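Q: Could we go through the aromatic rings in this one and what sits around them?

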Amino acid sequence: MDSILVRGNGPLSGAIPIAGAKNTVLKLMCAALLTDEPLTLTNVPRLADIRTLSDVLVSLGCEIAELSGGRVLALNAGELTSCKADYDLVRKLRASFNVLGPLIGRTGQAIVSMPGGCAIGARAVDMHIDALERLGAKVELKDGYVHASAPQGLKGTEIPLRFASVGATENALTAAVLAKGTTVIKNAAREPDTKALADCLIAMGAQIEGAGTSEIVIQGVDALHGATQGVIPDRIELGTFMIAPMIAGGSIELLGGRLDLIPSFAEKMQEAGAIIEETPAGLKVTRGDGPITPVNVSTAPFPGFPTDLQAQFMAMMCFAEGTCTLEETIFENRFMHAPELLRMGAKVEVQGGTARVTGVSEMTGAPVMATDLRASVSLILAGLRSKGETTVNRVYHLDRGYERIEEKLSAVGADIERVKN
Ligand code: UD1
């Protein structure tokens, strides 16, 4: 299996193009199941997760053509041949559980494997199921699968979520667009990816108001039609690369970067000492002259500080002058990067959902590995300023969510390469 080798070297300079958002495109791909007309997606990132979800959709009868070297996906679910998403496929990618809403909405039937937990937490799906039941579906859990049926179709209703879950909001939304009558999702997720999904559904003929706020109102329609939709920039890739010059020094421009995608994160970066400027092409981030200031962070649903940037922020705080605390409130086991950072000389103490990080003046490279995507990238970031070589193993986690990360970082001056083992 490949690994990534990083050698700490000098400051970075140049520009990095930000790819389309992984967590948006996955949900837009599932939305293709809602219509018998083609859905074309542009600005698609080339990632392992997209290929995995493509396998799930193809298994349901959706045809998928990759155009422009994979930058454009043409999906055609003209005829669905199956309503069952198999365990072998769903277990590889939790987001494939989001075929549930479109399948039950369009066909009145869905059998989807329960996704199970993953390294960062148990990740229950009770709210997804509750939403479908409220919409009138009969749901049974059998043999590790969710069996949902609504032979007479779904009926609009009120869906109050006990937590603003991204996945549950999106499954409820995609189920409700073809339901009879009005559905109101309360305490809905406000993530840009969820808003982007609603925008795509609207382009396909859905009637949705309030996406991007805590209350989404959906007026069911009889059918959706085809559309062409662009994918928004990946705010997690953006945030990750914003941290790179803070650790390595220098200044880089993130092409396509937008502050509205990362409001709380940008604020915390500025507190830490980043100079962030909006440019005609995106955002420019420069490490200020002083040391990195320690900044306390608590993860929260959007517009709060994203859990998907907590590991990368910790890598930066390892080099701060002083101590800070990072609190993880979304997932119960999301500090797996901490023990690996310790192996590189960091000072981090984890207690429950809180990590106390004390900056050090120097870290040293080491062979490290991580059990999830964002933890892996945090180790690369730390390696940018560590003495000697850092080898990040289990690189398939990185390939799930970062497109050509070694090429993007070496283009701005980092000493980084992929090693084929
Ligand atoms: C999505 C993102 C992921 C991000 C997360 C939080 C995708 C593909 N993934 O994941 O990158 O880290 O949002 O921003 O979009 N929960 C329940 N019951 C449910 C649903 C969720 O208890 O029915 C809990 C989960 O266990 C977790 C929390 O709610 O602790 C947040 O989960 P959720 O917002 O649903 O995240 P995902 O949609 O899985």
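A: To begin with a charge near a ring, the charged end of R91 sits over the ring of Y87, 5.9 Å from its centre; a charge sits over a ring if NZ of Lys or CZ of Arg is within 6 Å of the ring centre and within 35 degrees of the ring normal. This is a predicted model, in which local features need pLDDT of at least 70, side-chain atom pairs count only at pLDDT 80 or more, and totals for chains, interfaces and linings use all residues. Residues are numbered from 1 along each chain as its sequence is written, and side-chain values use heavy atoms, with hydrogens and water left out.

Q: And which ring does the charged end of K84 sit over?
A: That is the ring of Y145, with the charged end of K84 4.7 Å from its centre.

Q: Switching to ring pairs, how many aromatic pairs are there?
A: The count comes to three, where rings of Phe, Tyr and Trp (its six-membered ring) pair if their centres lie within 6.5 Å, and planes under 30 degrees apart count as stacked, over 60 as edge-to-face and the rest as tilted.

Q: Why does the pair of F265 and F305 count as tilted?
A: Their planes stand at 55 degrees, with the ring centres 5.7 Å apart, so the pair is tilted.

Q: Are F265 and F305 buried or exposed?
A: Both F265 and F305 are buried (under 20% relative accessible area, with exposed over 50% and partly exposed in between, for a 1.4 Å probe and protein chains only).

Q: What about F265 with F313?
A: Those ring centres lie 6.4 Å apart and the planes are at 70 degrees, so this pair is edge-to-face. Ring pairs link F265, F305 and F313 into a cluster.
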